[in-house]
Amino acid sequence: MSEERTFRGRVAVVGLGESEYFRFGRSPHPEFKLVLQAVLAACSDAGIDPTNIDGFASFGEDRNDAVRLATALGVKRMRSTTMQWGGGGGGCAAAVANGAAAINSGLAQCVVVYRGLAQGQFGRFGQAAPKTTVSGDMAYQMPYGVLAPPQKFALRVQRFMHEHNVGREALRAIALASNRHAQANPRAVMHGKPLTDDAYDASRWIVEPFRLFDCCMENDGAGAIILVSAEKARDFARPPVYVLGAASGAEWRAGASPHNAPLYGSANYHSVAKDLYDMAHVLPVDVGSVQAYENFTGGVAMSLCEHGFFPPEDANDFLTLENLSAPSGALPLNTSGGNLGECYLQGFELVIEAARQVRGESTSQATNKDVALVIGGPMVSPASSLLLGSEEAL
Amino acid sequence: MSDFYLPPGLPAPVPEPDGISAPFWDGLRNEQLLVQRCAACRTWQFGPEWICHQCRQFDPIWTKVEPTGKIYSWERVWHPSHPALAQHLPYLVVLVELPDAGNVRMIGNLLGDPAQTVEIGTPVVGVYEHHLDSSPNYSILNWRLAT
C-alpha cells in the first residue's frame with residue numbers, strides 16, 4: 001500500500017505583509033526596499049523577530065536574492081532557499097508549497113515566502129525589451145509582432161473561446177468582479193476607480209479578444225508571508241491559516257514551443273487541480289473563495305473550469321458579476337481586486353488575500369471563510385495552485 | 001519596405017548558441033519550410049529539440065514540408081508592444097497548424113486587410129518574406145488565404 005503524498009495541515013501561515021502598492025513608476029522606493037518593507041510587515045503581523053527567519057522561497061525571475069535579504073535583515077542562521085522554476089506567475093502558489101515542504105521535511109523552521117516586483121524600476125511587462133536579435137521560443141514570435149504577454153496569451157484564449165463558445169460577457173464579469181472588490185480595499189491601486197459595464201465595453205482593444213480591462217495592471221510593490229509548522233502556529237497571536245494542499249506542474253509537452261502545447265486552449269491545470277484536491281481532501285463545492293491569477297480575464301475562465309467549478313460549456317452562465325461577488329455569490333472571486341485591481345505582484349497578493357479570507361479579515365469577506373483557493377498563473381508551465389484553510393477545515 | 005507586412009525594427013530571429021534551430025532559419029532563406037521528423041518512429045516535432053519526444057532517438061531529421069495549413073487561432077493586435085509598430089496598427093497574427101506535418105503549429109502574420117474577418121479552420125498558404133537588408137539578414141514565413 002502506498003503512503004499518501006501529503007503535507008496537509010502540517011504547515012501554517014502566521015504572518016502577512018505587504019509594501020504600499022503603486023502604479024508602475026510611482027514607488028519612491030527601489031524594488032529591494034519594497035521587499036524589505038513587506039517582510040518586516042509580515043514579521044510584525046506574526047509577532048516574530050525577523051532574525052529568526054531561516055528559510056526563503058520565491059518564484060521565477062524574482063530579482064531579490066535570498067542571500068542579500070538574509071544578510072540585510074541580520075538573519076542569524078540561513079537554512080532553506082528555494083526558487084520555483086518557470087516565468088511569470090505560474091509559481092506564486094508553488095513558492096508557498098516549496099516553503100511548506102521545507103518546513104515539513106525539517107530543512108527549515110520559519111520560512112518567508114515573498115515577491116517583489118517594481119516595473120517602474122525594471123521595465124514594463126507590456127513592452128518588449130529593446131534588442132536587435134532574438135533566439136529560442138520568442139524568435140518564432142517576435143518578428144510577427146507577438147512580443148509581450150498580451151499577444152502571446154490572446155491566441156490561447158481565442159482558441160478556448162472558439163472551442164467552447166465562451167462569450168465576451170463572461171470575460172467582462174471577471175473584470176468587473178475584481179474591480180468591484182478593489183473598491184472595498186484601500187490598499188488597491190484601483191480603489192476609488194469603479195468600472196462600469198459601459199466603461200468596460202467602451203475601453204480600447206489591446207489585442208482581440210482582450211480589451212484594456214481584461215489585462216492585468218503594471219505595478220510596483222512587494223508581498224510576504226511567514227510559514228511555520230502547525231504545532232508552532234498555535235502559539236501565535238493570529239489564527240493559524242493551514243496549508244491544506246498544494247500542487248504544481250504541467251501537462252504532457254506543455255512547453256512545446258512555439259505555441260505547440262497539445263492542450264492549447266487550456267490554462268494547464270487539469271492534472272495540477274486533481275493533485276491539489278487529492279492532497280487537501282477538498283472538493284470544489286467546499287471552496288469558499290477563489291483568488292485566480294488574472295494575467296488576462298480569459299485565463300481566469302480557463303483556470304476555474306479546470307479546477308472543477310463548471311464545465312467550459314457552462315462558462316457563460318456561471319461567469320456573472322453576481323456569482324463572482326462577495327459575500328454570497330456562488331464563487332467570490334479575486335476579493336482583494338487581484339492583479340486587475342489591487343496590485344500586480346505576479347499573483348503573490350492573491351496568496352495574501354486567500355490567507356486573509358481564512359482569517360475572516362478580507363475587505364470583501366466571503367460567507368464561507370474556511371477554505372480558500374489560490375490559482376497561480378494560467379497558460380504557463382509549470383503552473384501551481386494552493387488551498388488554505390482554517391482550524392475547522394482540518 | 002512595402003514588401004514587408006510589418007515595418008522594420010523588430011528583433012531579427014537568430015539560432016540559439018547551440019545552433020538547434022539553424023536549419024529552420026536557413027531553410028526559410030531558401031524558401032523551404034523544414035520541420036523535424038524522427039527517423040526511427042516518424043513523429044513530427046516542432047519547435048526543435050535534440051531528441052525525439054516520442055521514442056528518444058537523437059537528432060530528428062529536418063524534413064521539407066509544404067507551407068499549407070489551417071488557421072488554428074488568431075488575434076488582431078491594436079496596442080503596440082514595440083515602438084516600431086506604433087504607426088502600424090492593427091495587424092493580424094495567425095497560429096497555423098500543418099496537417100501534413102503532424103499538425104505542428106507555426107505563428108505568422110495573415111496578409112491582406114488587417115480589418116478582415118478571420119475564421120478558425122480557414123485554409124492558408126505560406127508566403128516567404130526576406131529581410132535581406134537587415135543585419136543579420138533573415139527570412140520569415142507569413143500566410144495568405146488559400147484560393
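Modeller: Gladly! Two bridges link E6(A) to strand E1 (residues 12–13) of chain B, and the strands run parallel. This is a predicted model, where local features need pLDDT of at least 70, side-chain atom pairs count only at pLDDT 80 or more, and totals for chains, interfaces and linings use all residues. Residues are numbered from 1 along each chain as its sequence is written, with chains lettered from A and ligands numbered from 1 in the order in which they are written.

Colleague: Why is E6(A) said to pair with E1(B)?

Modeller: Pairing requires that DSSP finds at least two bridges between two strands. E6(A) and E1(B) have two bridges, so they pair. A:Thr133 stands opposite B:Ala12 in E1(B).

Colleague: What makes a stretch a helix or a strand?

Modeller: Both are DSSP runs, numbered from the N terminus: helices are H or I with at least four residues, strands are E with at least two. By that rule, chain B has one helix and nine strands.

Colleague: How do you know how compact chain B is?

Modeller: We take the radius of gyration over C-alpha atoms, and the globule rule is 2.2 Å times the number of residues to the power 0.38. For 147 residues the rule gives 15 Å, and chain B has 16 Å, which is close, so it is as compact as a globular protein of that length.

Colleague: Which residues count as being in contact?

Modeller: Those whose C-beta atoms, placed from the backbone, lie within 7 Å. On that basis, 38 residues of chain A are in contact with 34 residues of chain B. H5(A) gives the most to chain A's side, with seven residues.

Note on methods: Two residues are in contact if their C-beta atoms, placed from the backbone, lie within 7 Å.
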